[in-house]
Amino acid sequence: MFDPDIAPSGTLLGLLQRGRGDGTLHALAAPRAEALAALNDSVLRDPRRDWQVENRSLYYARLYMQLDGGLEEIERHLFHPDDLVDTGEERTGLALAVLGHLAAYGRDAARLLLRSYAAAGSNWRWALDELALRDDDAGLMTLAPAVLARFPDTEDGRAALATAVRDAFEPRPWRLWAEDPRYGPRLAAAGEQGSFDRWQRQLRPRGPRPGWSVTEVLQWAEAGLEPESEEHRHLAAARCLAAVAGPEDRPELLRAARSAPDAARAAVLHHLAERGDPDALDLIEDAVVDPFSSERLASAALAAFARMRSVAAVERARAWAPRTDLLGASAAAMLARRGGRRDAGPVLAALRRTVREEGPDADGLWELVDGTGRLGVGCAAPVLRHIYRETSSSHLRGRAAGALAATDPGFAAGFAVECLWDCEETTRELAARHAATGDDRVVEQLRRLAADPAEEAEVQTAVRSRIGPEGS
């Protein structure tokens, strides 16, 4: 994840970067040149906080279609000299995904641009995956020489080809090429090598394994923090403890939970929390509030607490919730997930405090937003609206919309209308179920979503539940 440069939410660029439905509506009402400039800026400088999970491509592709936008800026971006040195998927992935949707909508220029980039670009795998879903067999066959030329007939080249075939997200082009006698022998050998490599990985042990005792498991957990190892093993060690620890080992586990090195201590805290040990909550509190505890240990202790499902954990959360430190934040999140109506006050207080101190993109907001909706905290609507408008995370905005649907009587005629154009399909689905149909734009958009072949099935199901056979 990274923190992109996001424009203010009240601007056209800020709306489009966030993927808000109002972005589309404002772009269609703005001068076309201004709208296209903001759209190109959003596509070429990926604005997502987490580009691997947030959706923007269909949202932007639809707007390109509505504005009849050209693809010259995307082409310049893809074939810029930076493509030779900055080969990360995050530089070109969004643009390629937008082209994929445009190709599905029948834009031949988008399909041709994808073919050109698949033949010459550094992120050719992504472009090939987009074409695998949208191009015909003849088009894919024209790419075989250029793609296979990337893998010379050397030992390293054959190994790289086997990896590419094995890890292909969309196998259709490789299978198509394998049927051609010109490429079949190479690809058959690559496929066999890939299957053999996968089988070897399954059989080959991955590094050292712990011994079969509590002491050995804890020693193994601590070994994961050696400088040459980036893997923190406390979670795996906790699972091992579940297999080897018996009642007679509890004294040793309690000693480790108080004074062992960080990784071993974290493993024991997770193990005791999973088992509902009566001392687990006190040990977690000690680990978090101790000023000499490392950030890693405190984080592991809070994660162990978050996994607890007992009534005792909820009761302790009620005692911790008034705190304004990390322990209080974790307690409020626990109440948001598992508390009752009596816990609405602490959850709302934590939500307001988090927004005030950390802003509308704080990591701790997700569960608090969900909790206000689950608990039906009606007076949370103003802060939820603020999060909805200002957050740069389209996923968090969708969570805020869901909470508003449960707490704000004006949601159906307000934000729900905008959400029909949102970039996230879950948010569009929510809007399809709640948006008031007194607005003509709502009915038109519902019909448009129902007829769009690129729309998700869940959204179309929600739409049809509203408009019915006679409305469609």
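User: What should I know about the model?
Analyst: The model is predicted, so local features need pLDDT of at least 70 and side-chain atom pairs count only at pLDDT 80 or more, while totals for chains, interfaces and linings use all residues. Residues are numbered from 1 along each chain as its sequence is written, and side-chain values use heavy atoms, with hydrogens and water left out.

User: Which residue forms a salt bridge with Asp 282?
Analyst: Arg 316 does, with the closest N and O atoms 3.0 Å apart. Arg 316 sits in helix H20 (residues 311-320) and Asp 282 in helix H18 (residues 280-289), 34 residues apart. A salt bridge here is a side-chain nitrogen of Lys or Arg within 4 Å of a carboxyl oxygen of Asp or Glu. Helices are DSSP runs (H or I, at least four residues), numbered from the N terminus.

User: How many salt bridges by that rule?
Analyst: The count is 33. One of them pairs Arg 62 with Glu 455 at 2.8 Å, N to O. Arg 62 is in helix H4 and Glu 455 is in the loop between H28 and helix H29 (457-471), so the pair ties together parts 393 residues apart in sequence. Both Arg 62 and Glu 455 are buried.

User: What about Arg 318, which residue does its side chain meet?
Analyst: Arg 318 meets Asp 343 in a salt bridge, 2.8 Å from N to O. Asp 343 is buried, with a relative accessible area of 3%, whereas Arg 318 is partly exposed at 21%.

User: Switching to H2. Which residues are buried there?
Analyst: In helix H2 (residues 21-29), the buried ones are Gly 21, Gly 23, Thr 24, Leu 25 and Ala 27. Their cover includes helix H1 (12-18), helix H3 (32-44), helix H4 (57-67), helix H26 (415-419) and helix H28 (440-451).

User: And what is Thr 24 in contact with?
Analyst: Leaving aside neighbours within four places in sequence, Thr 24 is in contact (heavy atoms within 4.5 Å) with Leu 16, Tyr 59, Leu 63, Gln 66 and Trp 421. Thr 24 counts as buried because its relative accessibility is 3%.

Definitions and conventions: Buried means under 20% relative accessible area, exposed over 50%, partly exposed in between (1.4 Å probe, protein chains only). Helices (H or I, at least four residues) and strands (E, at least two) are DSSP runs, numbered from the N terminus.
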